[in-house]
Amino acid sequence: MNVHHRVVRGSLEQAAELLTGLGTPDDAAWPADRWQPMVLDRGHAVGSRGGHGSVRYTVVAAEPGRSLTFEFDAVFPAVGGHRLEIEAVTEDSVLWRHTLWIAGPLSPLMRLVVLLHDACLEDLLDQVEAAMEGRPVVRERWALDRRAAVWIDELLERRPEPREQRRARRPVGWAVAGALTALAGLHAAWGAGVTWPAAEPSTLARAVTGHERMPGPVACAAVAAALSATAGLVVVRLGDDVGRGRLPFGIVDAAVRSAALVLAGRGAAGLLSSTIGRPRSTPPYRTLDLAAYSPLCLALAGALRYVTDAAPRTGRSALTRRMIDQSQPPDEARSSRPSS
């Protein structure tokens, strides 16, 4: 059970008007400047479906101008619901109260949802307080954990580009995945003690690390695992079923983009370290780094960037305008990138 409440100066009629407009194109209560708007396909009628961002629910009870009660849809990762209600405290003050209930223990995902919920509800109470008092709303800065939670939620709600665009980029993606897999196998072999293409370990170390000794098996295995994982994510990212499984599209896309940044950083750092100042690496490594290693990293980074470049970048304000102005049903609107 989670309850947010605040006594706000103003009349019950003012509060009832704000509550009645919730989830409509004229909504003045919802903090749409920070959150995806609440949209209900049939207004406040019992059975009306909708939600805000990744949170989907149905109206199960409504007392016009007094309360709204919702139950989470089956797609939501918990059983429960929430209620927003108002009641007069005095002639010129009204109590706003929101109650969230969830059955069973909180999973890590639901803890994230509740963290987002707490931030959203405080913003909503700020909004109705400012509206009833006839002044501009003043927002507090989010704490770092809530900003991180919103960022994660936006990642979870990202949607892939059209299938035709993904298919057009598959040849490049598969080539990159093949190259990363080959490099992963090579690092795994080095970790197992294979010295190919050199004749002895010291020669291999001077050529591929710039030092006299090769890294240990654990370090080689870690690099091999990272390269293999990136190759697999590229294949998933370009597949027809991306976003339909347990691994959200936004996480896959962000991981591939992060790999591109890492490879670009490695390529740029390698070129700089091998050409500026007094490099501490061995001469064979410096030559190979300038001729092959760094250019290869930059090429792979560019290819990964090309693979992810077609992802839609619908901004929050654009989606808000689209949902409010066109009054789209939520299930169609969330094909863009809503957040909680």
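1. Strand β1 and strand β7 (residues 93-102) run antiparallel and are joined by 8 bridges. Strands here are DSSP runs of E with at least two residues, helices are runs of H or I with at least four, and both are numbered from the N terminus. Two strands count as paired if DSSP finds at least two bridges between them.

2. A word on the source. This is a predicted model, in which local features need pLDDT of at least 70 and side-chain atom pairs count only at pLDDT 80 or more, while totals for chains, interfaces and linings use all residues. Residues are numbered from 1 along each chain as its sequence is written, and side-chain values use heavy atoms, with hydrogens and water left out.

3. Now the whole sheet. It is open, has 7 strands and pairs antiparallel, in the order β1-β7-β6-β5-β4-β3-β2. Which strands lie at the edges? They are β1 (2-9) and β2 (39-40), each pairing on one side only.

4. Two helices pack on this sheet. Helix α1 touches β5 (67-72), β6 (80-90) and β7. Its direction makes about 160 degrees with that of β6. Helix α2 touches β1 and β7, and its direction makes about 10 degrees with that of β1. Contact means heavy atoms within 4.5 Å. Angles run from 0 to 180 degrees between N-to-C directions; axes are lines fitted to C-alpha atoms, for helices over the stretch in contact.

5. The two helices also pack on each other. α1 (residues 12-20) and α2 (residues 108-133) meet at an angle of about 130 degrees, with axes 10 Å apart. That makes α1 oblique to α2, oblique being the class left after under 35 degrees (roughly parallel), over 145 (roughly antiparallel) and 65 to 115 (roughly perpendicular). Q14, A15 and L18 of α1 meet V128, A131 and M132 of α2. Of these contact residues, 5 are nonpolar, 1 is polar and none is charged. Nonpolar covers Ala, Val, Leu, Ile, Met, Phe, Trp, Tyr, Cys and Pro; charged covers Asp, Glu, Lys and Arg; the others, Gly among them, are polar.

6. Further along, T195 sits in the loop between α5 (170-191) and α6 (201-208). Leaving aside residues up to four places away in sequence, T195 touches E200, P201 and L204. Its C-alpha atom is 9.8 Å from that of M214, 19 residues apart along the chain.

7. Overall, the protein chain has 11 helices and 7 strands. Of its 340 residues, 44% are buried, meaning under 20% relative accessible area (1.4 Å probe, protein chains only).

Definitions and conventions:
Buried < 20%, exposed > 50% of the residue type's maximum accessible area, 1.4 Å probe, protein only.
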